[in-house]
Amino acid sequence: QVRLVESGGGLVQPGGSLRLSCATSGFTTGFTFASATMSWYRQAPGKERELVARIINSGGSTNYADSMKGRFTISRDNAKNTMYLQMNSLKPEDTAVYYCNAVSLWGVNYWGQGTQVTVSS
């Protein structure tokens, strides 16, 4: 069973930075981390969950929500089965629970439990 565990969240002042990590386990030879499309989503109180950034399997192609472009960077280390999200120039509106997501080649979704990011002075 694929397991995703986020870490790195916390309280940061506006303009600050955080680096989130998504450690994964449970991948098999039939479904490897390198083959998974990995994404970060976030959900703020009272709002729907939204896509933050996505990185496509081992090719590394990325895409970002417009409001995150230029501030956030998604990356993955296929040797460590880990995904990252570097967040710079954080704003109060970035406050949310951030979730790690993996999608298999067959469209099966896996989610982590989330990590809280709070941007406040």
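These legends describe close-up views of one predicted model.

Residues are numbered from 1 along each chain as its sequence is written, and side-chain values use heavy atoms, with hydrogens and water left out. In this predicted model, local features need pLDDT of at least 70 and side-chain atom pairs count only at pLDDT 80 or more, while totals for chains, interfaces and linings use all residues.

**View 1. The disulfide of Cys22 and Cys100.**
The structure holds 1 disulfide. A disulfide here is a pair of cysteine sulfur atoms within 2.5 Å. The sulfur atoms of Cys22 and Cys100 are 1.9 Å apart. The link of Cys22 and Cys100 is left-handed, with -70 degrees about the S-S bond. It joins distant parts of the chain: Cys22 belongs to strand β3 (residues 18-25) and Cys100 to strand β9, 78 residues apart. Strands (E, at least two residues) and helices (H or I, at least four) are DSSP runs, numbered from the N terminus. Cys22 is buried, at 0% relative accessible area. Cys100 is buried too, also with 0%. Buried means under 20% relative accessible area, exposed means over 50%, and partly exposed lies in between (1.4 Å probe, protein chains only).

**View 2. The open sheet of 4 strands.**
The strand order is β1-β3-β8-β7, and the pairing is antiparallel. The edges are β1 (3-7) and β7 (72-77). Each edge strand has a single partner, so one of its sides is left without a neighbour in the sheet. On average, neighbouring strands of this sheet are turned by 15 degrees against each other, direction ignored. For such angles, axes are lines fitted to C-alpha atoms, for helices over the stretch in contact, and angles run from 0 to 180 degrees between N-to-C directions. Two strands pair if DSSP finds at least two bridges between them. In a regular strand the side chains alternate between the two faces of the sheet.

**View 3. Strand pairs inside the sheet.**
Start with β1 and β3, which run antiparallel and are joined by 5 bridges. Here Val5 stands opposite Ala23 in β3. Next come β3 and β8, antiparallel and joined by 6 bridges. Leu20 stands opposite Leu85 in β8. Strand β8 (residues 82-87) has 5 of its 6 residues buried, so the rest of the structure largely encloses it.

**View 4. The hairpin of β7 and β8.**
These strands run antiparallel, with 6 bridges between them. Asp77 has Thr82 in β8 as its bridge partner. The hairpin has 4 residues between the strands. One of the loop residues is Asn81. Asn81 has a positive phi of about 55 degrees, although it is not a glycine. Asn81 is partly exposed, at 25% relative accessibility.

**View 5. Ser89, in the loop between β8 and β9.**
Ser89 counts as partly exposed, with 41% relative accessibility.

**View 6. Tyr99 and its surroundings.**
Tyr99 sits in strand β9 (residues 96-103). Is Tyr99 buried or exposed? It counts as buried, at 14% relative accessibility. Beyond residues up to four places away in sequence, the residues that Tyr99 touches include Glu6, Trp40, Arg49 and Trp111. Contact means heavy atoms within 4.5 Å. Tyr99 and Arg49 are 50 residues apart along the chain, yet their C-alpha atoms are separated by 9.1 Å. Arg49 lies over the face of Tyr99, 3.8 Å from the ring centre. A charge sits over a ring if NZ of Lys or CZ of Arg is within 6 Å of the ring centre and within 35 degrees of the ring normal.

**View 7. An aromatic cluster.**
Ring pairs link Phe27, Phe31, Phe33, Trp106 and Tyr110. The structure has 5 aromatic pairs. Rings of Phe, Tyr and Trp (its six-membered ring) pair if their centres lie within 6.5 Å; planes under 30 degrees apart count as stacked, over 60 as edge-to-face and the rest as tilted. Phe27 and Phe31 form an edge-to-face pair, because their planes stand at 65 degrees, with ring centres 4.9 Å apart. Phe27 counts as buried, at 15% relative accessibility. Phe31 is buried as well, with a relative accessible area of 7%. The charged end of Arg76 sits over the ring of Phe33, 4.6 Å from its centre.
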